[in-house]
Amino acid sequence: MQALGFRHAGTHRSKAVTLYRQGGISIILNAEQDSAAAERFQHHGIGVCAIGLVVDDPARTLARARALLIPDWSERVGEGESQLPAVRGPDGTLIHLLGPDRRWQDDFLLTPGDDRGAGLTGIDHIAMALPEGHLDTYVLFWRSLFGLVPQPVLDLPDPYGLVQSRAMVDPSGTVRLTFNISGAGQTVTNRLVSRLAGAGVHHVAFATDDAAATVAAITAPRLDIPANYYEDVDARFGLEPGLLAALERLGLLYDQDGAGRFRHAYTAAFQDRFFFEVTERRDGYQGFGAANAGVRMAAQARTGAAW
């Protein structure tokens, strides 16, 4: 995590769990043996085992989940520690229901420090790869329990076949998820599904106010973008030569959505399982850089990794 600008911000009071922070982002690494994280690791390997969502009333959300017959989960807690309600997503991923008071952080021995890091400010979106035929299940789950609104399905070109992508966004625009499925066996999406033995987080996209400064500051290996991509960007948008050169130098991709602008970059894949994205939204951009997805998947295919 340090390669992305995160700092070690705390250690759990009773468990083998560590907290990393940057901006408004909290990343928790769980090495506890008697836990849901260990169970998921045994079945699927390393990956994202849980997501924390801040909700107005965790108890009310949990009651709604039970009424919808969605299974919930309670972890073992030590004396004086918080019992965080959680539900299981369709693939078994835990979704912790966190209150606005952020009481969960009281379970950590916090280390004071500067959280500015490389300039990441929050989580822009989380992307998941799903087995073919499972998309409707996930749409129903996130819509019925959390009120996320499904967006139109997009067809994305992978070098080995089409990938269908559907985003879901809450009405306030603060929670964004994307789900990818494919009927072609060798696409990035299906290779990940195979490696994880089921659905899993495809990548996590972090938000920043200045993608160029953040990408220049991090030391994580970046995905190499081919030079002809920038020729295409120049033909489509007619950007100033200085801006175009800066994008190419840092491996940044570019998109426009009406008046909005979007700059983003990808890291190389971590253990051929998932990767990270740096995103900068300007002037109300609402999309996810779908026009660049084919470039990203082609670049990943060229690396020779399991993608």
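Met128 lies in strand E9. Helices (H or I, at least four residues) and strands (E, at least two) are DSSP runs, numbered from the N terminus. The model is predicted: local features need pLDDT of at least 70, side-chain atom pairs count only at pLDDT 80 or more, and totals for chains, interfaces and linings use all residues. Residues are numbered from 1 along each chain as its sequence is written, and side-chain values use heavy atoms, with hydrogens and water left out.

## Around Met128

Is Met128 buried or exposed? Met128 counts as buried because its relative accessibility is 6%. Buried means under 20% relative accessible area, exposed over 50%, and partly exposed in between (1.4 Å probe, protein chains only).

Which residues does Met128 touch, leaving aside its neighbours within four places in sequence? Its contacts are Asp91, Tyr138, Thr178, Phe179, Asn180, Gly200, Val201 and His202. Contact means heavy atoms within 4.5 Å. Val201 is 73 residues away from Met128 in sequence. The C-alpha atoms of Met128 and Val201 are 4.2 Å apart in space.

## Empty space

Rolling a probe the size of a water molecule over the atoms shows where empty space is left. The search uses a 1 Å grid over the protein atoms alone. A cavity is a set of points where a 1.4 Å probe fits but cannot get out. A pocket is an open set with protein on both sides within 12 Å along at least five of seven lines. Lining residues have an atom within 4 Å of a point. Grid points are joined across faces, edges and corners, and a volume is the space filled by probe spheres set on the points.

Across the whole structure, 3 cavities of 30 Å³ or more are found.

| Space | Volume | Lining by class |
|---|---|---|
| Second largest pocket | about 440 Å³ | 11 nonpolar, 10 polar, 4 charged residues |
| Largest cavity | about 70 Å³ | 5 nonpolar, 4 polar, 1 charged residues |
| Second largest cavity | about 50 Å³ | 7 nonpolar, 2 polar, 1 charged residues |

Ala, Val, Leu, Ile, Met, Phe, Trp, Tyr, Cys and Pro count as nonpolar, Asp, Glu, Lys and Arg as charged, and the others, Gly among them, as polar.

Val201, a contact of Met128, is in the lining of the largest cavity. So is Gly200, along with Arg40, His44, Gly45, Ile46, Gly47, Val48, Leu196 and Phe274. Helix H1 (36-44) and strand E14 (200-208) each supply at least two residues of this lining.

The second largest pocket has 25 lining residues. Closest to its centre are Leu154, Ala167, Thr178, Gly287 and Phe288. Strands E9 (120-129), E11 (154-158), E12 (161-169) and E13 (176-181) and helix H8 (293-302) each supply at least two residues of the lining. Which element gives the largest share? E12 does, with 4 residues.

## Strand pairing

E11 and E12 run antiparallel and are joined by 5 bridges. Two strands pair if DSSP finds at least two bridges between them. These two strands form a hairpin with 2 residues between them. Pro157 has Leu162 in E12 as its bridge partner.

Elsewhere, 4 strands form an open sheet of mixed pairing, in the order E4-E7-E6-E5. Its edge strands are E4 (50-54) and E5 (72-73), each pairing on one side only. E5 pairs with E6 (residues 86-88) in the antiparallel sense over 2 bridges. Asp72 has Val87 in E6 as its bridge partner.

Helix H2 (residues 58-67) lies across E5, E6 and E7 (94-98). H2 runs at about 140° to E7. Axes are lines fitted to C-alpha atoms, for helices over the stretch in contact, and angles run from 0 to 180 degrees between N-to-C directions.

Helix H4 (residues 188-196) is mostly covered, with 7 of its 9 residues buried. Among them are Asn190, Arg191 and Leu196. Leu196 also lines the largest cavity.

Ala197 follows H4 and sits in the loop between H4 and E14. Ala197 is not a glycine, yet its phi is positive, about 55°. Ala197 counts as exposed because its relative accessibility is 52%.

Asp283 also has a positive phi of about 55° and is not a glycine. Asp283 lies in the loop between strand E17 (275-282) and H8. With a relative accessible area of 51%, Asp283 is exposed.
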